[in-house]
Amino acid sequence: MSYSSDGLAYGLPHHALKILDVLERSGAEAWVVGGWVRDALLGAPCHDVDVTTSARWQDAKAALVADGIPVHETGTAHGTITAVVDGEPVEVTTYRSDGIYSDHRHPDQVVFVSDVKEDLARRDFTINAMAYHPTRGLLDLFGGREDLERGVIRAVGNPAQRFAEDALRVLRAVRFAARLGFVVEPHTHVALVDAASGLADIAQERIGQEMDGIVRTGKVAWALEAEPEVMCAAIPELTAMIGFDQRSPWHAYTVMDHTIRVCRAVEEFTAGLATPELRWAGFLHDVGKPVTCTIDNIGRGHFWGHPKAGAAMCETILGRMAFPKDFITRVCTLIRYHDHMVYPMTRSIRRTLVKIEQVCPGYARSLIYQLINLKRADAVSKVPRASYYAIELDKVSTAVRKELATNPPLCIADLAVDGRDVMELMHIPAGPVVGSILHELLYAVVNCEIDNDRDQMIKYMTKGL
């Protein structure tokens with residue numbers, strides 16, 4: 001056992017100190033544990049605070065309520081209550097030891113114990129298995145602080161046992177490594193690869209939450225390169241991309257290697273500030289290539305329709321992981337049009353904007369810039385001579401900015417005339433013909449035949465009357 005005094009108490013928030021004080025005045029022992037301790041040692045912003053205590057949850061609740069602190073019974077089967085101090089929630093959990101995990105996710109039995117050492121021994125990784133007390137200092141039984149300093153994700157105790165208990169930990173390991181810029185310790189890596197198949201027993205929604213955490217770090221390229229077995233176990237559709245030779249004069253890499261480079265380039269072109277939609281689109285933009293590949297009579301690979309197929313596969317992947325529908329639509333739109341050619345000309349830009357707006361109403365103005373960055377990343381991740389298009393896209397970006405400044409119509413509702421005008425001028429009743437005329441007007445503007453001007457539109461509609 002190692003205790004150390006490190007001044008963490010200066011950062012421990014008042015609401016956590018209050019909980020510790022109340023519990024210990026009641027005769028119990030209590031510590032701050034988990035993510036707060038880890039992040040505080042890293043000097044990173046700390047938000048949620050968790051407390052573990054020797055008190056049974058009923059006794060902890062009684063002591064806190066007696067001191068005027070509201071308490072909610074949020075997980076009493078596992079000894080957890082949530083106390084609220086100054087509007088800040090703190091999870092308080094009784095020291096416990098977990099039994100067998102027959103479903104690879106939840107312990108069949110929870111045994112409440114009296115020693116914090118037993119509680120810390122059940123946790124997943126050393127960096128999450130430290131406890132802190134403002135008087136007693138840091139309790140680090142498994143070398144978590146040293147692993148933080150070394151930049152290592154290491155399982156507590158036997159790594160195979162840790163992953164057998166909860167298969168979702170294999171993704172948590174990758175997420176923590178990606179988020180912190182760490183590597184997975186070799187023995188832990190071997191165990192998580194062996195245990196990756198256990199993700200088949202995990203709810204897809206939980207897998208989606210962990211995968212989203214990995215993608216949002218901006219380090220999905222690292223994850224694909226360092227932990228491909230885990231990533232493919234989470235999203236089986238990725239497996240076909242590994243080692244898939246594109247047999248194309250435009251590609252120097254396999255589909256997976258190309259994807260890794262695109263994900264990395266997305267971060268470079270956005271200075272590490274890519275949106276979640278763009279990160280997911282870069283990750284899955286070519287997932288449709290293996291299923292659309294054809295080989296011509298000279299042995300060259302072709303992938304006609306792969307953006308459309310990839311968008312459909314992305315919709316399936318994100319849908320089964322319970323992502324919000326509007327988010328899925330935005331990601332799929334970027335994938336659907338990542339091969340769509342855009343030129344620095346008004347007509348080309350307007351056509352692209354309208355295409356995006358039709359699929360994602362209200363998002364064309366933001367998605368077109370994300371699409372340009374995806375296309376840039378795609379271009380520089382092929383053969384060297386293909387990178388010229390990334391330079392052309394700089395011109396496209398400038399032209400898009402100028403075009404959007406003119407507030408061009410992106411849908412029928414943006415036109416200078418409406419359905420009532422069409423009916424009055426054309427002497428027709430409400431119906432599909434009105435919509436057809438409005439669509440014709442929109443595309444007349446898009447194709448630069450007329451401006452979005454009422455007089456010009458009236459003249460355009462009535463020229464044959």
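Predicted model: local features only at pLDDT ≥ 70, side-chain atom pairs only at ≥ 80, totals over all residues.
Strand β5 covers residues 80-85, and five of its six residues are buried. Strand β5 has a partner in strand β4 (residues 71-75), to which three bridges join it in the antiparallel sense. Within this pairing, Gly75 lies opposite Thr80 of β5. Four residues lie between the two strands of this hairpin, and Gly79 has a positive phi near 80°.

Strand β5 also pairs with β6 (residues 88-94), again antiparallel, through six bridges. Here Ala83 faces Val90 of β6. The hairpin of β5 and β6 has two residues between its strands, and Asp86 takes a positive phi near 55°.

**Helix α3**

Helix α3 spans residues 57-66, and its residues Trp57, Ala60, Ala63 and Leu64 are buried. These residues lie on the same side of α3, because they cover an arc of only 130° around the axis.

What covers the buried side? The cover over the buried residues of α3 includes α1, β4, β5 and β6. After α3 comes Gly68, with a positive phi near 85°.

**Salt bridges**

The whole structure holds 28 salt bridges.

| Pair | N to O distance |
|---|---|
| Arg136 and Glu24 | 3.1 Å |
| Arg122 and Asp119 | 3.3 Å |
| Asp378 and Lys382 | 3.7 Å |

The salt bridge of Arg136 and Glu24 links distant parts of the chain, 112 residues apart. Arg136 is in the loop between β9 (130-133) and β10 (137-140), while Glu24 belongs to helix α1 (residues 14-25). Arg136 has a relative accessible area of 28% and is therefore partly exposed. Glu24, at 25% relative accessibility, also counts as partly exposed.

In the pair of Arg122 and Asp119, both residues are buried. Asp378, which meets Lys382 in a salt bridge, has a relative accessibility of 5% and so counts as buried. Salt bridges also link Lys18, Asp21, Arg25 and Asp67 in a network.

**Surface residues**

Which residues form a nonpolar patch on the surface? The patch consists of Met341, Tyr343 and Met345, which together have about 290 Å² of accessible area. Met345 is found in the loop between α16 (325-336) and α17 (346-359). With a relative accessible area of 49%, Met345 is partly exposed, because the exposed class begins over 50%.

Glu268 is part of helix α12, which covers residues 255-269. Is Glu268 buried or exposed? Its relative accessibility is 60%, so Glu268 counts as exposed. Glu268 and Ala377 are 109 residues apart along the chain, and their C-alpha atoms are separated by 8.5 Å.

Conventions:
Residues numbered from 1 in each chain as written. Heavy atoms only, no water. Buried < 20%, exposed > 50% of the residue type's maximum accessible area, 1.4 Å probe, protein only. Patch = residues over 30% accessible without salt bridge, like charges linked within 9 Å, V, L, I, M, F, W, Y side chains within 5 Å. Areas by Shrake-Rupley, 256 points an atom, 1.4 Å probe, with all protein chains shown as cover. Salt bridge = Lys/Arg side-chain N within 4 Å of Asp/Glu carboxyl O. Pairing = 2+ DSSP bridges. Arc of directions from axis to C-beta. Contact = heavy atoms within 4.5 Å.
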